[in-house]
Amino acid sequence: MDIISLIIQAISGAVGGNVAGAAMKENSLGTVGNSIAGILGGGLGGTLLHTVMGSAAAGGGGMDLTSILSNVAGGGVGGAILMAIIGIIKNKMAAK
């Protein structure tokens with residue numbers, strides 16, 4: 001994994017976090033919160049996808065279309081999932 005892959009995952013994670021925040025308004029953390037959670041989740045999700053799928057997820061380490069799409073997918077999904085988890089935990093803690 002190189003720095004370009006990590007940047008792609010972070011950007012797609014931020015987008016995924018904001019899309020999830022827009023879809024789940026009650027769990028939204030605001031634009032900045034959604035972006036931060038998405039960036040962290042994007043990096044973690046992309047790294048996890050790369051670890052589980054091996055070089056097939058990263059296209060062998062090159063910057064071909066398969067590699068870019070897998071980084072976008074892993075980052076976006078990871079960002080959305082982490083934002084949703086943090087949003088749910090925040091709401092549960094605020095309800096007490």
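This is a predicted model: local features need pLDDT of at least 70, side-chain atom pairs count only at pLDDT 80 or more; totals for chains, interfaces and linings use all residues.
Local features are given where pLDDT is at least 70 and side-chain atom pairs where it is 80 or more, while totals for chains, interfaces and linings use all residues. Residues are numbered from 1 along each chain as its sequence is written, and side-chain values use heavy atoms, with hydrogens and water left out.

Helices are DSSP runs of H or I with at least four residues, numbered from the N terminus. Helix H1 covers residues 3–23. H1 has 21 residues and reaches 30 Å from its first C-alpha to its last, close to the expected 30 Å. The expected span is 1.5 Å times one less than the number of residues. Helix H2 covers residues 30–53. Its 24 residues should span 34 Å, and the end C-alpha atoms lie 33 Å apart, which agrees. H2 is followed by Gly54, which has a positive phi near 70°. Helix H3 runs over residues 65–95. H3 has 31 residues and reaches 45 Å between its first and last C-alpha, close to the 45 Å expected.

In H1, the buried residues include Ser5, Ile8, Gln9, Gly13 and Gly17. They pack against H2 and H3. In H2, Asn34, Ser35, Ala37, Gly38, Gly41, Gly42, Gly43, Gly45 and Gly46 are buried. The cover of these H2 residues includes H1 and H3. Buried residues of H3 include Ser67, Ser70, Asn71, Gly74 and Met83. H1 and H2 are among the elements that cover the buried residues of H3.

Two packed helices are described by the angle between their axes and the distance between the axes. Here axes are lines fitted to C-alpha atoms, for helices over the stretch in contact, and angles run from 0 to 180 degrees between N-to-C directions. H1 and H3 pack at about 40°, with axes 6 Å apart. They are therefore oblique to each other. Angles under 35 degrees count as roughly parallel, over 145 as roughly antiparallel, 65 to 115 as roughly perpendicular and the rest as oblique. The crossing of H1 and H3 is right-handed, meaning that the near helix is turned clockwise from the far one by less than a right angle. Contact (heavy atoms within 4.5 Å) involves Ser5, Ile8, Ser12 and Gly16 among others in H1, and Ile68, Asn71, Val72 and Gly75 among others in H3. The residues of this H1–H3 contact divide into six nonpolar, 11 polar and no charged. Ala, Val, Leu, Ile, Met, Phe, Trp, Tyr, Cys and Pro count as nonpolar, Asp, Glu, Lys and Arg as charged, and the others, Gly among them, as polar.

The axes of H2 and H3 come within 6 Å and cross at roughly 130°. That makes H2 oblique to H3. The crossing of H2 and H3 is right-handed. Residues in this contact include Asn34, Leu40 and Leu49 of H2, and Ser70, Leu82 and Ile86 of H3. By class, the contact of H2 with H3 has six nonpolar, 11 polar and no charged residues.

Two residues of H1 were examined individually. Ser12 lies in H1. Ser12 is buried, with a relative accessible area of 10%. Not counting residues up to four places away in sequence, Ser12 touches Asn71, Val72, Gly75 and Gly76. Ile4 is also found in H1. Ile4 counts as partly exposed, at 40% relative accessibility.

Notes: Buried means under 20% relative accessible area, exposed over 50%, partly exposed in between (1.4 Å probe, protein chains only).
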